[in-house]
Amino acid sequence: MGSWSWALAALVLGFLVVAVHGSEPWLNQTQVYSTNANSGSNGVFVGITLIQSAAAKGAVCLDGSLPGYHLHRGFGSGANSWLVNLEGGGWCNDVKSCVFRKSSRRGSSNHMESQLQFTGIMSNRPEENPDFYNWNRVKVRYCDGGSFTGDGADASAGLYFRGQRIWQAAMDDLMAQGMRYSNQALLSGCSAGGVSTILHCDEFRGLFSGSTKVKCLADAGMFLDFVDVSGQREMRDFFNGIVSATAHHVMILLFIMTGSGRSLPRSCTSRMDKTSCFFPQNVVPNIQTPTFILNTAYDVWQLQQSVAPKRADPQGLWRGCRMNYASCNSNQLQFLQGFRNQMLDAVRGFSSARQNGLFINSCFAHCQSERQDTWYARDSPRLGNKRIAEAVGDWFFDRADAKYTDCAYPCDGTCHHLTFRGDY
């Protein structure tokens, strides 16, 4: 399928970019979100539930408001099955960006939508979501800025970094709502929510008895420690800003304030530094719970913000390529093939485990499980003649081996590429 124009609007595609420090596209002002991407879906609208017990546990959003979730009850054969989806939406990594964030739906339930439409893997319609439509489906809202990690505060800035407490409070509440009786459960998330899924996967598995079938699905969460077009490591610099002071900020930065390091998997922190353990590529090799990685080999968020970010391209040589894959020249495509190769290398050991699943397609996109057009539609992306929903279903229910790796761009004609107008 042809590219989907940015002119369709950010809310339709679920891809929102917000810049608050002049014209610089810092990663901490970039938010990627696809929960509300309609894309032709007829999915149900679900109201928000604030977790009333959270305040007593100190499990609050950046601004101190209550966290929340949207729950649509399952029925029939899915009445005792649960799908818990962790919302995505970027990160903040210093006081300034977190103060800005707390005035948005990413940092305060006071600014969250009262209803969200459940689409893609969250849809309640069998023609849109054949395997999970009648499960209990939950969207846990993201308002801590650190992928549901951290346990600290900055009183002078009025900031609460309670991601780990929010995670625990949400899980406690859902268990009381009936999730403890699950016979099968799936933890999922897209983008920053995909990172959250990877970081909390084994912890999620630990909530249930050994008789419950538990698996995890991480969509667009493989943020790579990649050398950008200027020879720098933009993502490492950003994540390092979460874990240590930098010359640009004479302050205690987010990681120190939040205690996020204590929330990272010990299977990684016991052998690597904490910055490295924010990169999913260093966590997935040691996940014990069956996991499915869904990612594009040419992730447009990473292309724009960490592979060829504007700050690494002062002459604007990558501007056209950043905005539209069709504008990439041969040298740029060769560079992007290197990114794809690193992506494949990062999941090679992971994919060798029989319990895991994989769907890496060669599309210029980001987040494909919560958008109806890419999850399960007549013209959805395919690998091995399988749509993403079919591949994930085969893996979860053990119907078939589900490990799909695409050939290099431009061989795949089923992609829903994203293109953009303007620059930032």
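Trainee: What makes helix H12 (residues 388–396) largely enclosed by the rest of the structure?
Mentor: Eight of its nine residues are buried, so H12 counts as largely enclosed. Buried means under 20% relative accessible area, exposed over 50% and partly exposed in between, with a 1.4 Å probe and protein chains only. The buried residues of H12 are Ile388, Ala389, Ala391, Val392, Gly393, Asp394, Trp395 and Phe396. Just after H12, Asp398 takes a positive phi of about 60 degrees. As for the names, helices (H or I, at least four residues) and strands (E, at least two) are DSSP runs numbered from the N terminus.

Trainee: What should I know about the model itself?
Mentor: It is a predicted model, in which local features need pLDDT of at least 70 and side-chain atom pairs count only at pLDDT 80 or more, while totals for chains, interfaces and linings use all residues. Residues are numbered from 1 along each chain as its sequence is written, and side-chain values use heavy atoms, with hydrogens and water left out.

Trainee: How do you know whether Ser191 is buried or exposed?
Mentor: Its relative accessible area is 2%, so Ser191 is buried. Ser191 lies in the loop between strand E10 (184–190) and helix H4 (192–205), and has a positive phi of about 60 degrees although it is not a glycine.

Trainee: And what makes Cys367 buried?
Mentor: A relative accessible area of 2% again puts Cys367 in the buried class. Cys367 sits in the loop between strand E13 (357–361) and helix H11 (372–375), with a positive phi of about 70 degrees although it is not a glycine.

Trainee: Why are H8 and H10 called roughly perpendicular to each other?
Mentor: The axes of helix H8 (residues 300–307) and helix H10 (residues 330–351) cross at roughly 110 degrees and come within 12 Å. Axes are lines fitted to C-alpha atoms, for helices over the stretch in contact, and angles run from 0 to 180 degrees between N-to-C directions. Under 35 degrees counts as roughly parallel, over 145 as roughly antiparallel, 65 to 115 as roughly perpendicular and the rest as oblique. H8 and H10 are therefore roughly perpendicular.

Trainee: Which residues of H8 and H10 meet?
Mentor: Gln302, Leu303 and Val307 in H8 meet Phe335, Leu336, Phe339 and Met343 in H10, where contact means heavy atoms within 4.5 Å. The residues of this contact divide into six nonpolar, one polar and no charged. Here Ala, Val, Leu, Ile, Met, Phe, Trp, Tyr, Cys and Pro count as nonpolar, Asp, Glu, Lys and Arg as charged, and the others, Gly among them, as polar.

Trainee: What makes E6 and E16 edge strands?
Mentor: The open sheet of ten strands has the order E6-E3-E4-E7-E5-E10-E11-E12-E13-E16, with mixed pairing. Strand E6 (115–117) and E16 each pair on one side only. Two strands pair if DSSP finds at least two bridges between them. Three bridges join strand E3 (residues 45–50) to E6, and these strands run antiparallel. In E6, Gln117 is the bridge partner of Phe45.

Trainee: Where is the cis peptide bond?
Mentor: It joins Tyr409 and Pro410, with omega about 15 degrees. Pro410 is found in the segment after strand E16 (403–405).
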